[in-house]
Each structure stands twice: as structure tokens, then as C-alpha cells.
Amino acid sequence: MRSLLFSWLFILPIYATLLSFQIIVVSGQCLSDQQSLLLQLKNSLKFNSTASKKLVQWNQSSDCCFWEGITCEEGRVTGLNLSQESISGGVDSVFDFRYLKSLDLSYNNISSTIPSRIGNLTNLRHLNFSNAGFVGQIPKEISDLTRLVTLDFSTLLVLGPSLLKLENPNLRMLVQNLAELEELHLDGLNISASRNDWCQSLSSSLPNLRVLSLSNCYVSGPIDDSLGKLHSLSVIRLDNNNLSALVPGFLADFSNLSFLHLSSCGLNGIFPKEIFQVPTLRTLDISFNKLLHGSFPYFPPESALQSLVVGSTNFSGKLPASIGNLKRLSRLDLSYCHFHGKLPTSMTNLTELVYLDLSVNNFTGPIPPFSMSRNLSKIQLSQNGFTGAMSSSHWEALLNLVDIDLRNNSLTGSIPPSLFSLPLLRKIQLSNNQFDGPVFVFPNASSTVLDTLDLSSNNLQGPLPSSIFKFKKLSILSLSSNNFNGTIPLDSILSLANLTSLDLSYNNLSVNAGVNDPTLSSFSNIRTLKLASCKLRIFPYLKNQSKLVNLDLSQNQIHGEIPNWIWAVGNGSLSYLNLSYNHLDSMQEPYFFPNLFVLDLHFNHLRGNIPILPQSASYIDLSSNNFTSSIPTDIGKNLGITVFFSLSNNSLTGNIPESLCKASYLQVLDLSKNNLSGKIPACVSEMSQTLGVLNLRKNNFNGMIPDAFPLYCALETLDLSENLIGGKVPEKLANCQKLQVLNLGNNKIIDKYPCPLKNISTLRVLILRSNKFYGSMRCQHINGTWKNLQIVDLAHNNFSGELHGKCLTKWRGMVAGEDDSQSKLKHLQFAFLQWNSMRYYQNTVTVTLKGLEVELVKILTIFTSIDFSNNHFQGPIPKELGELQSLFVLNLSQNALTGEIPTSLGKLRQLESLDFSSNNLIGNIPLELTYLTFLSFLNLSNNQLVGPIPKGTQIQSFSGSSFGGNKGLCGPPLTPNCSDSIPERNQTSGGEFDWQSIYSGVGFGVGAAGIMSLLLFWEEGRNWFDDSIDKILLVILPMMGFVYKTHDQWDDEADEDSDAEGTEFMEDCDENEDANEDGEFQGGYCVFCSKLDISKKRVIHDPKCTCHSSPPISSSSTSRSSSSSFS
């Protein structure tokens, strides 16, 4: 019995195998008609036989059910997969296989329309025409394939735009009968449907839909609530559509949601936190939605998230410690957001992490060790605020690491040697940190696969280890801006045969380059060579470098002429050449310029004529040389695409040729510091439609500024200072609404205060010094305020009138410093050639600082200055100046200012230079000036100040010249001390009281009290007293030339005056009265210091009298008062 059982156990597997074999044979046997159809299909198809892997193997000698790409059921062809067969046409025969359940023609180049015969394939359940190359309208017969489960018409944009159309039928008609459809892929197909069309069409016709992929379909939002009916959805791709909407919260209700892609959709508002917590969600991508806000919630331990991508959004906040619960996470991309704070230590639990990108955020603190994340291949943490040292042990276990980018942080200490031992590491980018110390010898350098090493802009020091030149696969090597020292022969780098970019600039290195060294020809793959500040004395022999594109030999010690072979470097492909800051004096003839994009020869000793310029260059800088010619009359023809052009600081003569105006792409034109003369051509002003900087400073230009600035003027900097320009400020300059710097100083302009320019809200620097401007700073009917103004220089003109505090306080740029902690690093500059962040024009101005003229070669946005010196301003110093709390320099000297120094100036805690000299100031030096602890220059000389100089403060540290010319001042540093003696009062002999004086005083006081009591409580007596006084004054005052109004008239007009004051319109800083429309006298009136002339229309002031405020009086009202009083 037991032996029989074992026999059965042995026989059963053999029987099962034979039975299964018999089933396969039966189901796989191809029917003859099917094989014939397939062979006919092969013959009709147009395909590339060399690229084909399936069709080329079809032949009659084998069973067609075993051909690659064929699936059979009961001998009939039910599946046809001809994907990637290089088919270009002849597909009509495909639709003869009426038993097909699956058809795949994806990734071909068919280039024909989809035949309507496709409607005959009624058994079709899976249709894949993605990237098949079909064109034209999708046939309406697709909607007859009611058994379809999967439909794919998608197109990858990288392979070109889709040529299919979905117009008639549209989306609604296409899917209306496809109730069994579970997957719909229409990516790249132009649907152009609004939210109601595509959401409602899908939700009403496809109840079983699991996969919805509509990326790049031109659908618009917002997402309709009807989409929430598709409860089976697990995959949603809507990338690259213009949804411009909030993210609907119902997405969190999809219980099967596993894949959600909403990148680049124009999403806005707050992202629902509940979506992060969907337990089935594995992939979430909401990147590139700049208006989408949010923060991370608590992540539960059961989360299935494997990929979390929120880069380039407005997400912010700190990372929660619960992020460590995402144990399955393999990709985390939070780049270009606003996250801050320290990285939680729980991130060390992300052991499945492969890709980590936290770049361009505000993270701080140390980088946690990722030694447990052994699958990590890419770490990008650049442009944050990470600090601390990098322990070498934290990196030893990351054997799969391929790319590490820690640029632009504040990391310190030495560079971990273990990084260079990682076997798969290809890129190390550690630039712009604070790493210091030497770079250690690299072990096994010759066997590593490292291709990029960027250690630039650190504090590394010592000699370069020779092993650094043994990285055989190294392509990019950047060690610039460190403290490396030693001597490097250029041929020592020749072993790096794959090197394409080398930058050793700005160290303490000496690079030796031999003359006509033929070995350098093997340095053949180099495309970028930067050896700035490398103590080169001669040109390296680069004549045979056929691939060289970028060459920087600036800031070296190269003398003599520029060899003409340098223009042939790269076989004409040289596009960037920087030879600035050398001692070059000529150019070897004959020379020609290749297709240079950047030519920088500034700060040399080049002399003679301006060379013929390259027509292909966008950047040309020939400034600070010794060129002495005139500007060629046809220079414009070589500046057709030039963006930056500078000839400043040479000795050029002659006029500006009008051909220069043909440079229609110019953004920066700098001809300053030459000997150019004549008038400025009108077309130069017209160029400002594209021109951002026009600098003609320090020449001999005359005439007027052409009033030809276009309506859409783009000027941000206009500097015409130190010329011989006259006339007025052109009215059309007000069209330049982007203007930040206006310097018209040191010319011969005769004009009033430039009120029309007050509508330029962007203006930061206004310099009008040393001209012939006149009048007051009052601007009527101008609403502009110059809220960003930070430097104002009106010195050495003929301005007059009072300084109005209301006007000054509207210069908000001086009221408070910038909030951002990096403000001290910001300068006024004009950016151009946006592809290169280092390309910008640096504004320069000259200001009077601490008694000296100083040229600010870089204008900090926090530097503020007011210079009104050497004018005719009068009246008191406005107390409102104390509100300009970020002011650095204040100069009101050489005017006619009166009154006391306002105590409010003690609020100017940033003030470094204060000059009130040569005015008519009176009173004491306010004790509040002792609060100005940053004050390093003070001049109060030649005024009428009195009293002691405040003791025990920084003020007394200034020399006596700061206080000279004030006869009433005393104390250090003028005199040793002030007199302590006080005149004694007259006392009677023997110290007795003067009882007579006491009795007289008491009697006078009692009498006055009695009279005042009667006037206070006896109304009839009070009225009689007022009438008597009125009658006396009405007789006396007119005889003296004054006028008088009775107390009754004052009471009657009180309400009228109040109403008039409430409706008075004050324009900007204009605080004077409007002209009297009835021909009455004009000007302010003071009862005690003023009288009317014989015409009764003009006020005459007594200059020796202090005038107090009083209401204005009209001649007509005065006459009425007089007549009524004498009736």
C-alpha cells in the first residue's frame, strides 16, 4: 500500500506537466488564416528592417503564435504589439484582425491618420497609440469600442508636439460610451477644455476610472467638484496645465490615491494638509507652483510616501520631526522654497532615501548624518545657511553617492577626506563656504570616477597636492578664490586628458607657462581656462587649442603686445576673452577679432586708435586705457548686438558720432572721463528706450540736454555731471519712470527745482550740485514723493526759501534702514546679460563726506546723505529731520538758517557727519547731540551759538575748529571751562528786607486779583471792558499804519476760519498761503512785526523783530471793521 502511494506521488507531477504542455500546444497553435494575415501585414508595413526586432523575425516556417509581439487565444491573434518597430506607414491591414483585444503601435513614426476601420475592433480592451506618430482628428469610431479598459493617445513633449486633434469628437463624445474604461492617457493632446467640460465629461461617463493622465493637455481650471465622484481614482496626472486654482480638498477623500502629479499648474492658495496624510499615497509632486502656500503636517508612521516633491513653491515653516516616520521615502525635493530652521535629527531614519534636494531655502544649523541612508545617490543642500564642520565618518558609508552639492553655505572645518574615497562619486561641489586648512592627499586618485571638483571661494590654504592632477576622468576643476600657494607648471595638468574646464584664479599661486611649448597642444579638450591673478608674466602658448571657448588671463603681470595668434585660438570658436588688469600696450598687426561674445581689455596701457570692434560681441570694455583718437564715425555698424559698451577713462576727443545710435540693443553706454566735446546728439536720448545706463560724466559736452526721452524710457542711471551743459532739465526726462540715479552736478544748468521729476518713484540718488538752480523746493500740484530717495545733493546752487519738514519726511528711504540682514551687501547696480550673474554695471557718485569730497565707487542701498550746503536757505532747521533715522550725512552749511538746533536731531543715531557751519543759528548746543555715538565729523563753526559745550561726551573730542566763530560758546575744546560766577542780587545793607517793595507787590497783586475776579464773573463788566479797549486801539493803531479787528468780528469768523482750514489743499511740502484772488495784499502778516504799505496791498516786515503766528487779514474786512466801530 505504501509503495503504491509513493508511485502515485511520482507519477502525478509527470502527468500534470504533460497535461499543461498539451494545453499550451492547443492554445498556441496558429490558425492558417491568421498566419496569412500576419504575413500580409508584414509585407504591407513600411518599417526599418535594421531597427526592427520583431517584424524581421516573422516567417512562415514557425507558428505565428510564437512570434514576438503576437498573443493568441485558440489559434486566433488577440494581441498585437508592434511598439518601437520604426513603422512609418502601411498600417491599414492591422485593422483586419477582428479578434484583437490588445493593440500596441506606440513609439513609431506612422505619420498618417487613424483609419475609421478601427471601429471594427469591437473586442478591443487595450489600445496604445502613444507616440505612434498618428496625425489629424481622432475618429469618432473610437467611442464604439465599448469594451475598452485602457486608452492611450499620449505624446511625450521631448519627442515633439502631438499632431492629433480632439475637436470632433471632443472629449465628451470620445468617452461617452466607454463605461468600462479604467485608464485614460491623453498627455500632450490639446483638449482646450474648461473645468465643466473635462471634469463633468469624465465623471459622468467613466465611473470605473482608476488612472487619469492629462498632463500638457491645455485644460483649464478650477477643478470642478464633479471630479470627486470618481472614487476609484488612484493615479492623477495634471502637470503643465493652466488650472490657476486652489487644490480641492476632496482629493484627500480618494481612498485609493497613490500617485498625484500637479506640477506647473498655476496652483494657488493653501495646499490641504490632509492630502499628505492619505495612507495609500506613494508619490506626490506639486512642484513649480510659485503661488502655492503651505507647510507640512504630522506624518503618521504608516505613511506609504516614497516620493515627495514640493520644489519651487511657496511652502514654508520648519520640517516636523515626524518627517522621520516616512521610512519608505526614496525621493525628497524641497528646493527653492522658504523652509527654515534646523533639520530634525529624525531625518537620519530615512534609510531608503536615494535623492535629497533641499537647495535654496533658509535651513540653518549642522547637516545631520545620513550614514544610515546607504542608498543615497544625490545630495543637494546648496544656498542655505548650514553651519558647522563635516565629520569624515558621516560620509564613509555612502558607497552609492554620485553627486554632492553643498555650495553657498557657511560650513567650516576641513573637507572630509572620506569623500574622495567613495567609489561612485562623480561630482563634488563645495564652493562658497568657509572651509579652511590644507587639502589632503587623495588616495587612489587615479582609480576614482570623479569628473567635477569645485572647491572655489573658501579659505583653503597650502600647496595643491600633486594627486589632484591624477583624477583621470576629471572634466571640471575649479579651485579659484582660496589661499592656495606654490608654483604650478601648466604642463603638470596635461595628464588630465578629459579636462574641459580649469579655474585656478585668485589664489596665491604662480603658474608657469613656457613660451611656444609644443607639449601644450595635447591639452586638447580644454574649453574654459581661467588663470586670473596667477602671476603670469607671459601669454601661455595656446595657439593649438582647437576647442577653447572661454579664456581669462586677467589681473596678471603680462607686458607688451597682444599676440595676433590669440584671435585664432579655438579655430574661431573663442567667445570669451578677458585680458583686463595687465600691462598690455599694443596689439600685434595684423589682427582680426573672431566671433567674440565678450571682449574685456580694460585697465591696460593700450594706446593710439580704438581698434576695429568685433561685430558679434555683446560685451565690449576698453575703459581705463590710453586711447587718444576720436570715436570712429562708423562705429555703430560694429555694435549691432552689443549690450555693454565702455570707453570710459581714456583720452578720447571729438564728438559722439550719430552712428552710435544704431546700436539698438545697447543697455549700458559709458563714455565718461574723456575729452569728448560738442553737443549730445538727440538720438542718444532716444536710445533710452532700451538703454538702462547712460554715463557721459567728466567730459566737455556743451549745449542743452536733448529733450527726446521716449515715453517708455528704460533709463535707470543718467550721469551727465562735470560737463559744460546748460539750459534746463528736459521735461521729457519725467518719462524715465525707472530712473534710480540722476547726476547733473557740476554743469551750467539754470532752472528751478525739478518738480516734474517727483513722479519718478524709483529715484534713489539726486545730484544737482554746482549748477545755477534757483528758487524754493516747493512743488505745487505734484503728488510724487520720492519715497526711495537716499542721496540728495543740492549744494552750491542758488536755492532759497525755507526747508519744509513735511517734504523731507516723505523721503522714506531715509526714515529707516532696510530690514533684511544682508542689506549691507546690496549696492545700486544695473544688471544686464542675465545669463551671467556677475555682469552688472556699478554706479558711482561723488559726495561731500566729513568735509571731503569722496567718490563712492559702490553705492550701498543703506547709505543716506543730504547736502544743501552753499545755498540761500533761510528760516529754522526743520525738527522733522529727526525722523530720518537712517541718515549718515547731513550738511546744511553756508546758508542763512536761523533759530536753534532742534533737539530731535538726537534721534539720528546712524549719523556720521554733521555740518551746520556758517549759518545764523542761536541758542545752546542741544544735549541730545551727545546721543550721536557714531558721529565722526562735526562742524558748528561760524554761528551765534552760546553756552557750554556738552561735557563728558564724544562732542568734546572734536577740535576747536568745529566750534569756532561762536562768541558765546565756552568749555572744552574752546576754553578750559565756563565761568561759574553768577551775579548776586541787590540786597539791603545788613541783609534786611525791603519792606516797602514787599508792601507794594502785595497791594498790586490784591488789586489785580479783584479786577480779574470782576471780569471773570461779571459778564456786563467784561463786555464793557472789551468795548473800551477796542475803541482805544481802533484810534491808535491806524495812525501807526496798522489795522485792527474787534473781538466781535474775531468771534463771528471763528467758524469760517475753521472750515477753511479743513478744506485747504496742501501739495507735498507747500505750506504757504494761496494768492488772494480779490487783489488784496499778498504775503504773511504779523501784528507785532508787520505793517501795510501806502497801497494797503503789500506787507512790510521789520527784520529785527521776531514774528509770531497770526491769522491773515484782508483789506476789505479791515475797512468794514473800521466803519462799524465809528458808527
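In the predicted model, the buried residues of helix α2 are Gln-34, Gln-35, Leu-38, Leu-39, Leu-41 and Lys-42. Because these residues cover an arc of only 155° around the axis, they lie on the same side of α2. An α-helix has 3.6 residues a turn, so residues three or four places apart point the same way. The face of α2 turned away from the buried side carries the exposed residues Ser-32, Gln-40 and Asn-43; here, exposed denotes over 50% relative accessible area, and buried under 20%.

The cover over the buried residues of α2 includes three strands, namely β1 (46-47), β2 (70-73) and β3 (76-81). The helix itself comprises 13 residues, spanning positions 32-44. From its first C-alpha to its last, α2 reaches 18 Å, close to the 18 Å expected at 1.5 Å a residue.

Elsewhere in the predicted model, seven strands form an open sheet with parallel pairing. Their order across the sheet is β14-β16-β18-β20-β22-β24-β26.

Strand β22, formed by residues 362-365, and strand β24, formed by residues 385-389, pair in the parallel sense over two bridges. Opposite Gly-365 stands Phe-386 of β24.

Methods:
Residues are numbered from 1 along each chain as its sequence is written. This is a predicted model: local features need pLDDT of at least 70, side-chain atom pairs count only at pLDDT 80 or more; totals for chains, interfaces and linings use all residues. Side-chain values use heavy atoms; hydrogens and water are left out. Two strands pair if DSSP finds at least two bridges between them. Helices (H or I, at least four residues) and strands (E, at least two) are DSSP runs, numbered from the N terminus. The expected span of a helix is 1.5 Å times one less than its number of residues. Buried means under 20% relative accessible area, exposed over 50%, partly exposed in between (1.4 Å probe, protein chains only). The arc is that of the directions from the helix axis to the C-beta atoms. Contact means heavy atoms within 4.5 Å.
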